[in-house]
Amino acid sequence: PQRRPFEELRPPLTTAPIRSAHDAYAAALAAHRTKDPDTHNAAVQFIAALLDTPQHDGLFHLPAAYGPPGFPAWSRLADCSWTCYWLSRWHREIATHSRIIPFIESYATRLCTLQRHGGWFPAWVDPRTGRPARALPRSAETALHVILFTALHELAPDPRWVRAARRAANFLIREIISPHRWECTETFFHASPAWKAKRPGKPDPRQGTFPAHLLALWSCAEALLSLYLRTKTPRYLSWGTRALDELALYQQIWDAPFLPIPTFGGFAASNTDIQWNCLAQALCAKTFLDYGRLTGLSEYFHRGIAALRAQYAVVEYAHPRTSEQSASLPLLPSQPVAHLPTAFSLVNPSKPDFELLSQPLWLLSPWTPLCAAESIWREYGDLYVDTRRVQAFGINGVVVERAQRDLAGIAIYGRELLGTARSLLIRSDTGQTLTLKVTPNAPFEFQL
């Protein structure tokens, strides 16, 4: 289906409140492109306030919306590592801050002491004593710490970070990816709670498979990719593609007629619930693109583009821009701009009837799809060319009809799909960047 360019979808999201380091990073990217000083200042102020969070021997506490019994008093280490990861990205890509590296290193140093024999980390701990909770001791949440350690090693190189990341990756390969045990807090304590036959570490008695959640699958694939990029160890890329291939099984490959949006490319949330177009699909988009660039498999690239477009279908449904543009979409009841559905949930599959799931999902927010789109645009542009394999991919409202090598280089032929006269940003695997003006619904060609 035809969709508006991503830049036309960004403004409604920029009024959403900033509630995490991930949000602040996305807001800063959007503010830079739209030249919005108010949004940028709001992001800077949030980062400054976040760095004032008290640390107890490196650990800190972030309020959680759900978790195991007694969770308000515990700290979820995945939340802390995710926050520190985006602080590192902020320091490296947005603006340096004298307090960011000490804050992250203090936490990472303490985190290393919590790593258990076998490489895993507890999911929940007491922020003052570091005493681990019994819930999910060996889970896929260990992957978030690999993502942090690899980012921190790039920011402040130290063999401790790579050593801890390697031990954690070995645990993920051995006890998560190999037995297909995709367990995290969301698997049991989010929208699909545990029941008699659904328990951590226990396969379903009928199917013989473990309960699984999209976030666990994505985080393992992303963790091994990030560690491969730091170490160039082929084993991590090989096992990362295994996790990614299983993640692909959760991707929707049709437009469900019983939902009011195009669902193609979106992701189901888990294998124990009936949820469509889960918000976490925005995270999956760039991960698939990154694997596609590394492996040369065009399927990964197409899956990543489809995931990003599916998330913007949700954005359009929740926040239609004008009465003309939204005439064909059922309007939601009066909703604040900050609201974005977590997923479309089937409440009666036999009819079927659906409702919008609004329960918060991890630290994701309306800024999540914007962050994915901005990050993808910065790395891949509106159209990306793989010169080594003579492939090209239309990302933002364009289709590539063919790519071929000739005496002058690589010729790309495509068409503009959105009916908008605009300039396309074209990037390639060799670092080349060019701008191409296109006319509405018209064919175009260029040489690279």
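**View 1. Phe 446 of β12 is the bridge partner of Ile 412.** β12 and strand β9 (residues 409-416) run antiparallel here, paired over five bridges; strands count as paired once DSSP finds at least two bridges between them. Strands are DSSP runs of E with at least two residues, helices are runs of H or I with at least four, and both are numbered from the N terminus. This is a predicted model: local features need pLDDT of at least 70, side-chain atom pairs need pLDDT 80 or more, and totals for chains, interfaces and linings use all residues. Residue numbers start from 1 along each chain as its sequence is written, and side-chain values use heavy atoms, without hydrogens or water.

**View 2. The largest pocket comes in at about 770 Å³.** A pocket is an open set of points on a 1 Å grid over the protein atoms alone where a 1.4 Å probe fits, with protein on both sides within 12 Å along at least five of seven lines; lining residues have an atom within 4 Å of a point. Its volume is the space filled by probe spheres set on the points, which are joined across faces, edges and corners. Of its 32 lining residues, Tyr 85, Arg 89, Glu 222, Lys 286 and Asp 290 sit nearest the centre.

View 3. Arg 19, Pro 360, Trp 362, Leu 363 and Leu 364 are the closest to its centre among 31 lining residues. Elements giving two or more residues to this lining are α2, α3 (37-50) and α4.
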